[in-house]
Amino acid sequence: MEIYEVVKHQINSAAEAMGLSKKTQTIISEPMRTLEVSIPVEMNDGSVEIFKGYRCQHNNVLGPTKGGVRFHQDVNENEVKSLAAWMTIKCAVVNIPYGGGKGGVKVDPTKLSENEVEKIAREFFRLIDPIVGPETDIPAPDVNTNGKVMGWFYDTYSKLNGNKNTPGVVTGKPPIIGGIKARSGATGRGVTLTTANLFNELDKELSGQRVAIQGFGNVGISAAQLLKERGCEIIAVSDVSGGIHDPEGLDIEDVIDYVGEERNLLEGYQKDGVEHLDNKGILTIDTDILIPAALENQLTEEVAKELKAEVVVEAANGPTSIEGDKILKERGIIVVPDVLANAGGVTVSYFEWVQNLYNFYWSEKETNDRLKRIMKDAFDEVYEKYEEYDVDMRTAAYIVALERIEKGIEARDWVK
Ligand code: NAD
């Protein structure tokens, strides 16, 4: 199934369960605007190359569109459209005043010099300049983009627009130019808070639960640290090279030290009691909680049949296939969906944007306290729909989001 078809399927399942109006369903079935650009760049060897870029704004009825920009060789229009639609749903689930956007450039930046990547980034932003801005569409980092790239975007935008410093045009900036310190760990923090909210609701102790995490990057590492702080045993983690497992619990700080800033691959990690696993092994390991925090489409039909966790908390975007989802539901395994579980990142991005607009900056504690409140309210609303409609938690989260979007469409009398 094409990835945009997956999004449509998820929206349609919720629409049917809740009786969404045909009008709203039709409006959000296609993105509002997708801009394709061709980015010419003079490479270090003197040749000129063209890179394809996209910015998609799925729907902005609840506020300016918001979402990351990824630099990856597999970027395509369909993927960008799907990720933008998920952002529309995600922002509405946590009730922040945004619609969904996403962007991408089809390039493998690991094969280029920093100077070439900077030229691509600046030219991409120059080409999408007419449709972005703090009140229209606010990009952020995603796969292979980071604070440095956001600094280039911000600088390009400000220089193109009368030299006005406009930090609110992008989030995920370095703190010195209006970024927010808590942003890098925010998604992992949101995943942890959501897991804690679920266990509280189920009247079960989170402390002592065994956790396996696929993907040991930004999100996986912070989730591992914070869940460990709450007394969980992190028994297995993995990256693109495979996984490591210790049924007694990994020494997670030691693993983080080993991985380091350079992101050393886990295949080289050695310690007594630690065994190595392949990538499927981590997903089907004997654990209480499984956190996919790497890529989309990992919990396939085959994996779902063998999965042993009682609870799956989706930190990655779209890690469960439609067939996998169906099997997990039949097997009674609770899946906390991405649009709720990983919404901590966009929520803290929203805080960054608010602070940029006001030129007033909060403490890290204040940011984390506000995040906790938003994640709890969103969890409670989703759980309420989960019980009311007797659906899975993904459908419940979509119902929460679609109800808000529908109200927004009605309140603005959006389509005539
Ligand atoms: P990252 O690049 O920092 O880390 C990704 C991890 O996944 C790395 O450890 C990498 O080795 C591993 N990985 C890559 N390919 C793999 C494979 N085939 N099998 C197993 N592991 C593999 O990325 P991140 O920022 O941690 O994001 C992880 C996921 O979370 C992505 O799906 C992303 O879209 C989603 N997400 C991230 C944020 C955020 O704030 N960073 C917010 C929302 C959602």
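A polar contact is a pair of N or O atoms within 3.5 Å. In this predicted model, an oxygen atom of the ligand and a polar backbone atom of Val219 form such a pair, 2.9 Å apart.

**Ligand site**

The ligand is surrounded by 19 residues, and the closest are Thr187, Phe216, Asn218, Val219 and Val240. By class, this shell consists of eight nonpolar, eight polar and three charged residues.

| Residue | Protein atom | Distance to a ligand oxygen atom |
|---|---|---|
| Asn218 | backbone N or O | 2.9 Å |
| Val219 | polar backbone atom | 2.9 Å |
| Asn317 | side-chain N or O | 3.1 Å |

On its own the ligand exposes 830 Å², of which the protein buries 76%.

**Packing of H3 and H15**

Helix H3 spans residues 77-93 and helix H15 spans residues 393-412; their axes lie 8 Å apart and the helices pack at an angle of about 85°. Angles of 65 to 115 degrees count as roughly perpendicular, so H3 is roughly perpendicular to H15.

Which residues of H3 meet H15? On the H3 side they are Trp86, Thr88, Ile89, Ala92 and Val93. Their counterparts in H15 are Ala397, Tyr398, Val400, Ala401, Leu402, Arg404 and Ile405. The residues of this contact comprise 10 nonpolar, one polar and one charged.

Notes
Residues numbered from 1 in each chain as written. Predicted model: local features only at pLDDT ≥ 70, side-chain atom pairs only at ≥ 80, totals over all residues. Heavy atoms only, no water. Near = heavy atom within 4 Å. Polar contact = N/O pair within 3.5 Å; in protein donor to acceptor, adjacent residues only side chain to side chain. Areas by Shrake-Rupley, 256 points an atom, 1.4 Å probe, with all protein chains shown as cover. Nonpolar A, V, L, I, M, F, W, Y, C, P; charged D, E, K, R; others polar. Axes fitted to C-alpha atoms, helices over the stretch in contact; angles between N-to-C directions. Helix = DSSP H or I, 4+ residues; strand = E, 2+ residues; numbered from the N terminus. Parallel < 35°, antiparallel > 145°, perpendicular 65-115°, else oblique. Contact = heavy atoms within 4.5 Å.
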